Amino acid sequence: MIPTFETKRLVIRPYVKTDADKVELLAGNPKVAETTVAIPHPYPKGLAASWISKHEKKAIEIGSYTFAVVLKSTSELLGTLTFRVDIDDNKAELGYWFGVPYWGNGYCTEAARRIIEFGFNELKLNKIRASVMTKNPASMKILTKLDFEKEGVFKQDIMKSGNYEDMVYYGLLRQNYQYNR
Ligand SMILES: CC(C)(COP(=O)(O)OP(=O)(O)OC[C@H]1O[C@@H](n2cnc3c(N)ncnc32)[C@H](O)[C@@H]1OP(=O)(O)O)[C@@H](O)C(=O)NCCC(=O)NCCS
């Protein structure tokens, strides 16, 4: 149900049980938790295995895809992409996190570009959106590089670790999607 994709340097594939230890290591870094809505800190032992066990069901039942991103040359797990499809409005929400040792190599941009292609070319979506904390310039840079437009700022939109966070909402419309066509 969850497809696999390849890019120049990466394989984007479903998670498997044996990825759980590495997920706990990477997602357990406070720098990863700090700017994500869903990752808790400290990251509880056993959470990764239970998270992975739900992926297939979530893909089938609600169109919420979670992908492991691994390096093609070594099969090393680098991070995660999420893609939650909303069939009613023909759109999807993109999310991602990568392990700190792998930041700054263009991996997230490369992987996200392929999932966006999947969304527009294979799923025929009309829109892909993403939301980012205002304190996360790296993520905003990625979305800008991928041609997303900033649609607005929602103040104190989520609560993370007891603090309200302002969120920037980005969107990429099918009519503005340029690459890989
Ligand atoms: C956001 C995140 C996924 C980026 O991963 P990555 O693999 O390093 O991303 P890329 O290398 O593809 O691109 C990052 C870009 O941001 C830029 N960048 C990094 N830090 C930056 C900063 N403080 N200010 C501005 N730009 C910054 C990089 O230079 C790069 O742009 P470039 O390729 O044009 O030089 C990673 O930092 C992460 O997992 N953070 C924690 C979780 C998270 O915030 N997820 C996103 C929630 S919306």
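## A buried ring and its surroundings

Phe67 counts as buried, because its relative accessibility is 0%. Buried means under 20% relative accessible area, exposed means over 50%, and partly exposed lies in between (1.4 Å probe, protein chains only). This is a predicted model: local features need pLDDT of at least 70, side-chain atom pairs count only at pLDDT 80 or more, and totals for chains, interfaces and linings use all residues. Residues are numbered from 1 along each chain as its sequence is written, and side-chain values use heavy atoms, with hydrogens and water left out.

**Aromatic rings**

The structure holds eight aromatic pairs. One of them joins Tyr65 and Phe67. These two rings are stacked, at 6.1 Å centre to centre and with 10 degrees between the planes. Tyr65 also pairs with Phe118. Here the geometry is edge-to-face: 5.8 Å centre to centre, 90 degrees between the planes. Rings of Phe, Tyr and Trp (its six-membered ring) pair if their centres lie within 6.5 Å; planes under 30 degrees apart are stacked, over 60 edge-to-face, and the rest tilted.

What does the pair of Tyr65 and Phe118 tie together? Tyr65 lies in strand β3 (residues 64-71) and Phe118 in helix α5 (residues 107-122), so the pair links parts that are 53 residues apart in sequence. Helices (H or I, at least four residues) and strands (E, at least two) are DSSP runs, numbered from the N terminus. Tyr65 and Phe118 are both buried. One aromatic cluster is made of Phe5, Tyr65, Phe67, Phe83 and Phe118.

**The core**

The largest nonpolar core has 55 residues. Val23, Phe67, Leu81, Phe83, Leu94, Ile116 and Phe148 touch the most other members. Helix α5 gives the largest share of this core, eight residues. Such a core is a set of buried Ala, Val, Leu, Ile, Met, Phe, Trp, Tyr and Cys residues joined through side-chain atoms within 4.5 Å.

**The sheet**

Eight strands form an open sheet with mixed pairing, in the order β1-β2-β3-β4-β5-β6-β8-β7. At the edges stand β1 (5-6) and β7 (149-160). Each has a single partner strand, so one side of each lacks a neighbour in the sheet. Two strands pair if DSSP finds at least two bridges between them. Strands β3 and β4 (residues 77-86) run antiparallel and are joined by seven bridges. Val70 has Leu77 in β4 as its bridge partner.

Helix α1 (residues 20-27) lies across β4 and β5 (91-98), at about 90 degrees to β4. Axes are lines fitted to C-alpha atoms, for helices over the stretch in contact, and angles run from 0 to 180 degrees between N-to-C directions.

Glu165 lies in strand β8 (residues 163-173). Leaving out residues up to four places away in sequence, Glu165 touches Met133, Lys135, Phe154, Gln156, Asp157, Ile158 and Lys160. Contact means heavy atoms within 4.5 Å.

**Loops and backbone**

A cis peptide bond joins His41 and Pro42, with omega about 0 degrees. Pro42 sits in the loop between α2 (30-34) and α3 (47-53). Ser75, in the loop between β3 and β4, has a positive phi near 65 degrees although it is not glycine. Asp147, in the loop between α6 (137-145) and β7, is another non-glycine residue with positive phi, about 75 degrees.

How buried or exposed are some of the residues named above?

| Residue | Relative accessible area | Class |
|---|---|---|
| Tyr65 | 9% | buried |
| Glu165 | 9% | buried |
| Asp147 | 32% | partly exposed |
| Ser75 | 55% | exposed |
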